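Q: Could we go through this model together? I would like to begin with the nonpolar packing and then turn to the charged pairs.

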Amino acid sequence: CSSSSTSSSESCEVSPEILWKDLERAISYLVVREQELVRKALNLAFAAHDGQRRRSGEAFIIHPVAVAQILAELELDWESIAAGLLHDTVEDTNVVSFETIEKEFGATVRQIVEGETKVSKLGKLHLKDTNHSIQDVKADDLRQMFLAMTEEVRVIIVKLADRLHNMRTLSHMPPHKQSSIAMETLQIFVPLAKLLGIYQIK
């Protein structure tokens with residue numbers, strides 16, 4: 001499903017089977033049981049986001065699958081990839097709860113999804129002028145909050161993958177949002193990626 005698809009009924013249709021083909025290749029390094037759990041997470045995410053669309057007009061499920069692909073490129077464990085698929089299901093739908101995630105995938109996946117959801121709710125950078133020294137102080141505070149609020153580093157890695165895909169699709173946002181999101185990325189997420197040594201994402 002290409003990002004050039006329109007937001008009308010002409011938009012391409014996706015299915016769990018189609019999405020799974022590419023994802024299955026990306027996670028071929030996982031053992032079969034782990035691959036089955038990732039597919040189960042894909043199916044739950046697909047059902048939860050059914051009918052939702054992104055600003056580009058494409059099905060919303062394309063985003064969490066892209067996040068999972070980025071995590072797979074880093075050859076992360078199945079819990080991280082499942083969390084990548086499920087990271088928006090609690091916050092953006094009424095279908096899935098943290099309890100559901102823990103019941104179906106265990107406490108670790110719940111912890112990553114719950115932590116990523118909390119990180120997403122942290123304060124945003126507001127660009128009011130060109131005084132970068134003030135913004136840098138706030139960005140440093142946020143970086144410290146990100147790291148202090150969680151003992152699970154995979155929370156941050158999933159968040160970095162989420163932000164990377166959002167940056168890749170930034171052209172669908174209005175110009176003022178593009179600017180603020182890009183600046184926030186440069187001041188918070190790039191240093192975090194560097195701090196963790198994830199230079200592919202940086």
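**Core and salt bridges**

A: This is a predicted model. Its largest nonpolar core has 52 residues, and V38, L86 and V109 touch the most other members.

Q: Which elements give two or more residues to this core?

A: They are α1 (16-26), α2 (32-48), α3 (62-73), α4 (78-86), α6 (98-105), α7, α9 and α10 (175-195). The most comes from α2, with eight residues.

Q: And what is V38 in contact with, leaving aside neighbours within four places in sequence?

A: V38 is in contact with W20, L23, I27, L30, W78, I81 and L85.

Q: Changing topic: how many salt bridges does the structure hold?

A: There are 11 salt bridges in the structure. As background, side chains of opposite charge can pair when their charged atoms come close.

Q: Which residue forms a salt bridge with E114?

A: The partner of E114 is R110, with the closest N and O atoms 3.1 Å apart. Both residues lie in helix α7 (residues 107-120), and they are four residues apart, about one turn of the helix.

Q: Is R110 buried or exposed?

A: R110 is buried, because its relative accessible area of 17% falls under the 20% cut-off. E114, in turn, is partly exposed at 21%.

Q: Which residues are linked with R110 and E114 in a network of salt bridges?

A: E99 and E102 are linked with R110 and E114 in that network.

Q: What about K159, which residue in α7 pairs with it?

A: K159 forms a salt bridge with E116, and the closest N and O atoms are 3.7 Å apart. K159 lies in helix α9 (residues 153-168) and E116 in helix α7, so this pair ties together parts that are 43 residues apart in sequence.

Q: Are K159 and E116 buried or exposed?

A: K159 is buried, with a relative accessible area of 6%. E116 also counts as buried, at 1% relative accessibility.

Q: Where does D162 come in, and how far apart are its side chain and that of K159, N to O?

A: The side chains of D162 and K159 meet in a salt bridge, at 3.1 Å from N to O. The two residues are three residues apart in helix α9, so about one helical turn separates them.

Q: Does D162 count as buried or exposed?

A: D162 counts as buried, with 5% relative accessibility. To sum up K159, this buried residue forms a salt bridge with E116 and another with D162.

Methods:
Residues numbered from 1 in each chain as written. Predicted model: local features only at pLDDT ≥ 70, side-chain atom pairs only at ≥ 80, totals over all residues. Heavy atoms only, no water. Salt bridge = Lys/Arg side-chain N within 4 Å of Asp/Glu carboxyl O. Buried < 20%, exposed > 50% of the residue type's maximum accessible area, 1.4 Å probe, protein only. Core = buried A, V, L, I, M, F, W, Y, C linked by side-chain atoms within 4.5 Å. Contact = heavy atoms within 4.5 Å.
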